[in-house]
Amino acid sequence: AAAPAAAPAAEGEIAKQRPAMFSHFQPFEKSLELRWDERFFYVGSNGIPNHPMMVGITAWQQQVPLPQKYFGENAWRIPLHPVPAKEPAMIKGHFLRGAIALGVNGIPIFNPQNNRGDISAEIGELDEYGGHCGRADDYHYHLAPVHLEKIVGKDKPIAYALDGYPIYGYQDEKSPDFAPLDRL
């Protein structure tokens, strides 16, 4: 005979099992598919944000945002237990084709440089939210989505690097907890 199915976990037990990362994506959970295992947090998304897109671009590539299939096996995979790199990886001139992070709204974030090595924001390629569509009609940001602080809170992550580390918004130099960045 087959073993009886386990009783469903109580809501409190499920909440205990959720990784902390879940709460950062939770404001957008109605439009995302969120799941996890012991190693990774998975974020399924259609790649379309809940804000206007392509407004303010002056150097348009004639691409339009289309839904993407970032679901199932193609969901974004973020390590739950990040490990520091042995050597820092500079993004200048590297990571020019593809996401390096994921906004908590499920939108990928690329290097500030475009695929030619130009700073997208400096040449008018970005909309008022710091994003645009790539050649595959995939909407993505090239700047940290600091506008998400209005939804998640100033002290909460607005994104996660694909190595598992959280990304926060701007620091206030006048704040008592201000800490300048380390020099390389």
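**View 1. Strand 1 and strand 2 form a hairpin with 3 residues between them.** This is a predicted model, in which local features need pLDDT of at least 70, side-chain atom pairs count only at pLDDT 80 or more, and totals for chains, interfaces and linings use all residues. Residues are numbered from 1 along each chain as its sequence is written, and side-chain values use heavy atoms, with hydrogens and water left out. Strand 1 (residues 33–36) and strand 2 (residues 40–44) run antiparallel and are joined by 4 bridges. Look for glutamate 33, whose bridge partner in strand 2 is glycine 44. Strands here are DSSP runs of E with at least two residues, helices are runs of H or I with at least four, and both are numbered from the N terminus; two strands pair if DSSP finds at least two bridges between them.

**View 2. Strand 2 is mostly covered, with 5 of its 5 residues buried.** Buried means under 20% relative accessible area, exposed means over 50%, and partly exposed lies in between (1.4 Å probe, protein chains only). In a regular strand the side chains alternate between the two faces of the sheet. Here Phe40, Tyr42 and Gly44 point one way, while Phe41 and Val43 point the other way. Strand 2 also pairs with strand 3 (residues 76–79), in the antiparallel sense and over 4 bridges. Within this pairing, tyrosine 42 stands opposite arginine 77 of strand 3.

**View 3. Which residues line the largest cavity?** The lining is made up of Met54, Ile57, Ala59, Trp60, Gln61, Gln63, Glu125, His132 and Cys133. By class, these residues divide into 5 nonpolar, 3 polar and 1 charged. Ala, Val, Leu, Ile, Met, Phe, Trp, Tyr, Cys and Pro count as nonpolar, Asp, Glu, Lys and Arg as charged, and the others, Gly among them, as polar. The largest cavity has a volume of about 40 Å³, and a search of the whole structure finds 1 cavity of 30 Å³ or more. On a 1 Å grid over the protein atoms alone, a cavity is a set of points where a 1.4 Å probe fits but cannot get out, a pocket is an open set with protein on both sides within 12 Å along at least five of seven lines, and lining residues have an atom within 4 Å of a point. Grid points are joined across faces, edges and corners, and a volume is the space filled by probe spheres set on the points.

**View 4. The second largest pocket holds about 280 Å³ of space.** Around this pocket you will find Lys154, Asp155, Tyr168, Gly169, Tyr170, Gln171, Asp172, Ser175, Asp177 and Phe178. Its lining has 3 nonpolar, 3 polar and 4 charged residues.

**View 5. Isoleucine 167 has its place in strand 9 (residues 166–167).** Leaving aside neighbours within four places in sequence, isoleucine 167 is in contact (heavy atoms within 4.5 Å) with Ala101, Pro157, Ile158, Ala159, Tyr160 and Ala161. Proline 157 is 10 residues from isoleucine 167 in sequence, and the two are 5.3 Å apart in space, C-alpha to C-alpha.
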